[in-house]
Number of protein chains: 2
Amino acid sequence: MALRMSQISDYRPTAQGVAVAARKVAEILPRTPLLPLEVEGRTIWCKAESLQPVGAFKIRGAWHRLTALTDAERARGVVGVSSGNHAQGVAWAARRLGIAAKIVMPVDAPAVKLANTRALGAEVVLYDRPGGEDRDEVARRLCGESGATLVHAYGDPWIIEGQGSTGTEIAAQMEESGIGAPDLVVTPCGGGGLTAGLALALPDAAIVPVEPEGWDDVCRSLEAGEIRRVSPDAPPTACDALQTPATWPINFEILKARCPFGLIATPSEIRAAQRLAFAKLRLVIEPGGAAALAAVLAGKVELTDRTAVVLSGGNTDAEAFAKVLLAPSQDSFN
Amino acid sequence: MALRMSQISDYRPTAQGVAVAARKVAEILPRTPLLPLEVEGRTIWCKAESLQPVGAFKIRGAWHRLTALTDAERARGVVGVSSGNHAQGVAWAARRLGIAAKIVMPVDAPAVKLANTRALGAEVVLYDRPGGEDRDEVARRLCGESGATLVHAYGDPWIIEGQGSTGTEIAAQMEESGIGAPDLVVTPCGGGGLTAGLALALPDAAIVPVEPEGWDDVCRSLEAGEIRRVSPDAPPTACDALQTPATWPINFEILKARCPFGLIATPSEIRAAQRLAFAKLRLVIEPGGAAALAAVLAGKVELTDRTAVVLSGGNTDAEAFAKVLLAPSQDSFN
């Protein structure tokens, strides 16, 4: 059976779809906190998506996508492709809906992400990321075998809408606090699912995606006006959650209309942001989840009085996090 | 001028007072999240007070106390006594209300707590805890000099009521989630301010205080039916927030009526709880803040379907937290 992409190409993500997703998400997930943080005399608002039950915003898109499947589609199961956070989102939603889930994950994913995905009842199928194996190929084969629906991590209209519910919540929380809706949202960006969703959810805000050094395909795509892939010799990055080779057209259409530019955060800036989130917000944030805060702390964004920053995930191994906490001095050198 | 305790002895903490405190707190602080955690097949509800702006529930009592001061009292300032979390709570409330605050803190308090208290604009007065200096004596002297009001960390009716608002929130959050009000609340216990407040807030729940090994004055007081002090040779503990020599009568009156017993958590149980909160909840919890979860994970409490556990604070130094994350193997030996 061929890859079931037909329905994906028929359905376009919209602001109305984000509103529907936000209502569905609100039925099962309490809002994550929006925590104030003082940065150079201003208060910025940090959306702690690390506190979702799976430790990342990915649960939103997965829930919106899986609840949109027909009964026949649910019976055939789903296949996800993910470095870990989307994996756990799909596994969580699938378990809750009684849907069989297979997740294609890289062999070098953080142990905590592999363990948590399995603990949620999903079957993990490993692929050789360091060796360059094409994960979409693996997923396509699995879907072909079983007739399962592919739930792409970012190139999917429901996923985009679901992630956008993060923005709906931020706006509601800032309005209720008397601050007013955000006019600037800085967000970690991997494939562009969350970024595109935020853009749909918040039509009046500037949306700034932040990528890790070397994995700046969205930055370069925005500059070029067309999709660019990361360099084949992209360096290793601690930001496994943002390690995507290229955005997809469904995402880029939205990004190029709404994001004038993207920003890059360096490894030491990201570690500094993780340490600040530890000390000032008492949050465990994974490297990729700290990319937007890193760019803000490094002074790469001109802040406004209504700035929101997404802390997108908190799944990181204890040993890796301990090293980040212990290594502030070495960071002045890179 | 003598210590201003007259009004304290006139005012008794009540459930109605907790309700007032909860309304006052709700006006300025968003609810902290109540996060589900699976423990041996059951879901328990973890109240993440570590996510308060000062990293601990202490902000509640401080706000309730300081807003109850008269204009004349506000003008004379306040003096707090604290290992760090109450310090930050008082400093936060004082800054917001424009009240001068002096905080008596031990020289061996975690650096992060000293730095954060100073950053909130309070004057820190150090006392020699390791050398056995009496902190209440130091506070009394400061109050005598300036006519300032002593804001005791736990032996104060407004502080008790304010901390009790934690329980009001837990009950509201569990009711809204369809679970129903908690019938069991397990909480870290230092001097007994939070524990007494929870007891007032939740008259139908069992309240179980948990203390660190060697600092089990409340456990022993409950057993004896009268206040007992910790042993003069109490061992060092990582739980600086729970390191109180004895509870006060205003707390113990409530505790002895509502807590049949207390529990003790060992250092390795507490580190295990910190690691679990890191991996499963993505929270930074300080040792004292993890004591209740430690007792639960060690199987020392018979869980119900409506169990809440307070994670009371998250102020811990990076180096100390890194050591906790890296040391799981050594913990099997102590």
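**Exercise 1.** Is W158(A) buried or exposed?

*Solution.* Start with the ground rules: this is a predicted model, where local features need pLDDT of at least 70, side-chain atom pairs count only at pLDDT 80 or more, and totals for chains, interfaces and linings use all residues. Residues are numbered from 1 along each chain as its sequence is written, chains are lettered from A and ligands numbered from 1 in the order written, and side-chain values use heavy atoms, leaving out hydrogens and water.

Now the cut-offs: buried means under 20% relative accessible area, exposed over 50%, and partly exposed in between (1.4 Å probe, protein chains only). W158(A) has 10% relative accessibility, so it counts as buried. Y11(A), at 27%, counts as partly exposed.

**Exercise 2.** Classify the ring pair of Y11(A) and W158(A).

*Solution.* Rings of Phe, Tyr and Trp (its six-membered ring) pair if their centres lie within 6.5 Å; planes under 30 degrees apart are stacked, over 60 edge-to-face, and the rest tilted. Over all chains, that rule gives 9 aromatic pairs. For Y11(A) and W158(A), the centres are 4.4 Å apart with 15 degrees between the planes, so the pair is stacked. The two residues sit 147 apart: Y11(A) is in the loop between α1 (6-10) and α2 (15-28) of chain A, and W158(A) is in helix α8 (157-176) of chain A. Helices here are DSSP runs (H or I, at least four residues), as are strands (E, at least two), numbered from the N terminus.

**Exercise 3.** Describe how chain A meets chain B.

*Solution.* Count contacts (heavy atoms within 4.5 Å): 29 residues of chain A touch 29 of chain B. Then take buried area, the accessible area (1.4 Å probe) that two parts lose on being put together, summed over both. The chains bury about 2,100 Å² between them, 63% of it on carbon and sulfur atoms. L51(A), F278(A) and R282(A) supply 33% of the area chain A buries against chain B, more than any other three residues. Ring pairs also link F278(A), F321(A), F278(B) and F321(B) into a cluster.
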